[in-house]
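This text walks through one structure, moving from a sheet to the helices packed on it and then to other parts of the chain. Keep the coordinates open while reading.

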Amino acid sequence: MADFMFVLKNFLLVSLAMNMCLIWKINYDDEETLSSKWSSWGNLQQKFHFHGSCFNGEKNNGRVEEAQVSSKRTEILATTSYVASTVVPDGGESVVINLDHGDPTMYENFWKQKGEKTTVVTSGWQHISYFSDVKNVCWFLEPELVTAVTRLHKVVGNAVMEGRHMVVGTGSSQLYQAAIFALSPHNASTPMNVVSAAPFYSSYPLMTDYLKSGLHKWAGDAHKFNKEEPYIELITSPNNPDGSSRQDVVRGHKGILIHDLAYYWPQYTPILSPPPDYDIMLFTVSKSTGHAGSRIGWALVKDREVAKKMTTFIEINTIGVSKDSQIRAAKILQAVSDSCDNDDDDDESFFDYSYKLMEKRWKKIREAVDKTRLFSLPDFSPETCSFSGRTFGQLPAFAWLKCEGDVDDCESFLRKNKIYTRGGKHFGASMKYVRISMLCRDSEFEVFTERLPTIVS
């Protein structure tokens with residue numbers, strides 16, 4: 001009887017495995033179905049995790065090997081830790097490249113070299129309390145992060161720190177929401193208008209109106225805003241998606257400005273003197289150092305009452321910000337400052353490494369575009385960087401690519417050629433434009449720049 005039960009259990013196990021494989025095969029058999037189902041970031045992660053963990057099984061440096069679609073041997077290179085994009089089959093022709101998201105995985109190689117210098121060990125008893133510094137306006141802000149941020153801004157010269165209140169958030173996205181909450185009158189008869197000059201960051205409209213709050217509403221392109229009403233204008237500089245330097249557009253007497261300076265770092269743009277001295281400035285580790293997964297951003301705020309209201313929003317929203325993430329971010333930022341102060345020629349600073357990588361990638365994508373008449377890229381005037389002393393034009397984290405000629409929907413056109421991007425309509429711009437991430441892994445970028453010149457209309 002015992003032997004029979006053992007055989008029965010094994011039979012059921014084999015049967016279950018065969019059925020799971022059948023379900024998987026049906027789900028992946030049609031490439032068009034795959035494209036439509038994987039359009040969202042969450043679906044991408046779930047699919048890779050399921051396929052890689054259950055069917056591939058083999059590990060490479062702690063990561064699951066590349067996911068493979070059985071029927072058409074289509075291999076997906078996407079910016080997610082579930083995928084190790086090192087081996088490209090058949091010269092890359094069957095590879096789907098996802099450059100929609102600005103996932104900064106290009107920084108992985110630099111941080112791998114740092115080893116113990118950026119390792120944080122946390123004991124089980126540490127970081128238990130909600131509170132960090134009850135005397136601070138932002139009571140959940142870790143003092144170590146304040147020290148690290150202050151030092152780095154002084155080293156780079158990209159923000160005035162004196163006379164500022166620092167507010168930490170779960171990425172700059174939460175800080176943006178906290179800022180418009182703090183700046184919108186809570187007793188007004190109509191919602192506060194929120195505008196930004198097109199092309200604007202695609203998440204601004206979504207985040208502004210997501211909760212359908214009576215406090216604020218998305219009012220669109222700042223160039224078209226002509227109401228005699230209070231407004232908040234968002235200035236992202238360098239701009240996401242097109243990389244241009246920005247100033248406020250509306251310039252009305254009823255306006256309040258928020259400056260999103262996520263990309264104002266010397267690997268992307270020349271740092272100019274004097275440092276920015278705005279009322280509200282937003283920064284994030286995701287684009288400064290590449291640690292998007294830590295979800296840490298900070299705001300530098302002049303007005304104490306505005307900083308208090310922003311803190312209240314985050315308190316209600318998430319009851320503070322992860323201490324573990326703050327401590328890790330502080331360690332990373334200190335390592336960046338250390339690398340800049342290090343006189344050892346053999347130890348390349350973080351910003352030198354990142355600048356050279358961005359310069360190389362922009363040279364490569366321009367060469368690819370120059371080989372075809374189908375596409376064009378914006379040009380940027382060179383300026384001298386007060387941090388590095390280099391004279392160069394912008395090296396944006398995203399390429400604002402335009403499809404020339406008869407191609408009216410650039411996003412769909414590139415998708416047919418297995419390049420996933422984000423179309424201009426999401427940024428309040430023409431569909432002839434797409435935003436392309438420049439921050440992916442080397443293998444993805446190589447396939448992309450090799451494929452781009454081969455595309456025909």
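Helix axes here are lines fitted to C-alpha atoms over the stretch in contact, and the angle between two of them runs from 0 to 180 degrees between N-to-C directions. That convention is needed for the packing angles below.

The model is a predicted one. Its chain contains 13 helices and 18 strands. Of the 457 residues in the chain, 51% are buried. Among contacts between residues at least 6 apart in sequence, 70% link residues at least 24 apart.

Seven strands form an open sheet in the order 5-11-10-9-8-6-7, and their pairing is mixed. Its edges are strand 5 (165-169) and strand 7 (216-221), each of which pairs on one side only. From one strand to the next, the twist averages 25°. Strands of a sheet pair through backbone hydrogen bonds, in either a parallel or an antiparallel sense.

Helix 6 (residues 171-183) lies across strand 5, strand 6 (192-196), strand 7, strand 8 (231-236), strand 9 (255-260), strand 10 and strand 11, and runs at about 160° to strand 10. Helix 9 (residues 304-318) lies across strand 5, strand 10 and strand 11, at about 15° to strand 5.

How do these two helices meet? The axes of helix 6 and helix 9 are 8 Å apart, and the helices pack at an angle of about 125°. Helix 6 is therefore oblique to helix 9. The crossing of helix 6 past helix 9 is right-handed. On the side of helix 6, the contact is made by Gln174, Leu175, Gln177, Ala178, Ala179, Phe181, Ala182 and Leu183; on the side of helix 9, by Val306, Lys309, Met310, Phe313, Ile314, Asn317 and Thr318. By class, the residues of this contact comprise 10 nonpolar, four polar and one charged. An α-helix has 3.6 residues a turn, so residues three or four places apart point the same way.

Seven of the 10 residues of helix 13 are buried, so the helix is largely enclosed by the rest of the structure. Those buried residues are Ser443, Glu444, Phe445, Val447, Phe448, Thr449 and Arg451. Helix 11 (residues 350-370) packs with helix 13 at an angle of about 20°, their axes being 10 Å apart. The two helices, helix 11 and helix 13, are therefore roughly parallel to each other. Helix 11 passes helix 13 in a left-handed crossing. Helix 11 contributes Leu357, Arg361, Lys364, Ile365 and Ala368 to the contact, and helix 13 contributes Asp442, Phe445, Glu446, Phe448 and Thr449. Five nonpolar, one polar and four charged residues make up the contact of helix 11 with helix 13.

Strand 18 (residues 433-437) is mostly covered, with four of its five residues buried. Strand 18 is joined antiparallel to strand 15 (residues 398-403) by five bridges. It also pairs with strand 17 (residues 422-423), again in the antiparallel sense, over two bridges.

Finally, consider two loop residues. Ile271 lies in the loop between strand 9 and strand 10. Is Ile271 buried or exposed? With 0% relative accessibility, Ile271 counts as buried. Leaving out residues up to four places away in sequence, Ile271 touches Val156, Gly157, Asn158, Tyr264, Trp265, Pro266, Thr384, Cys385, Ser386 and Phe387. Ile271 and Asn158 are 113 residues apart in sequence, yet their C-alpha atoms are 6.4 Å apart in space.

Thr118 is placed in the loop between helix 4 (108-112) and helix 5 (143-156). Its relative accessible area is 13%, and burial is set at under 20%, so Thr118 is buried. Apart from neighbours within four places in sequence, Thr118 is in contact with Trp111, Lys331, Ile332 and Ala335.

Conventions: Residues numbered from 1 in each chain as written. Predicted model: local features only at pLDDT ≥ 70, side-chain atom pairs only at ≥ 80, totals over all residues. Heavy atoms only, no water. Pairing = 2+ DSSP bridges. Contact = heavy atoms within 4.5 Å. Parallel < 35°, antiparallel > 145°, perpendicular 65-115°, else oblique. Left-handed = near helix turned anticlockwise from the far one by under 90°. Nonpolar A, V, L, I, M, F, W, Y, C, P; charged D, E, K, R; others polar. Buried < 20%, exposed > 50% of the residue type's maximum accessible area, 1.4 Å probe, protein only.
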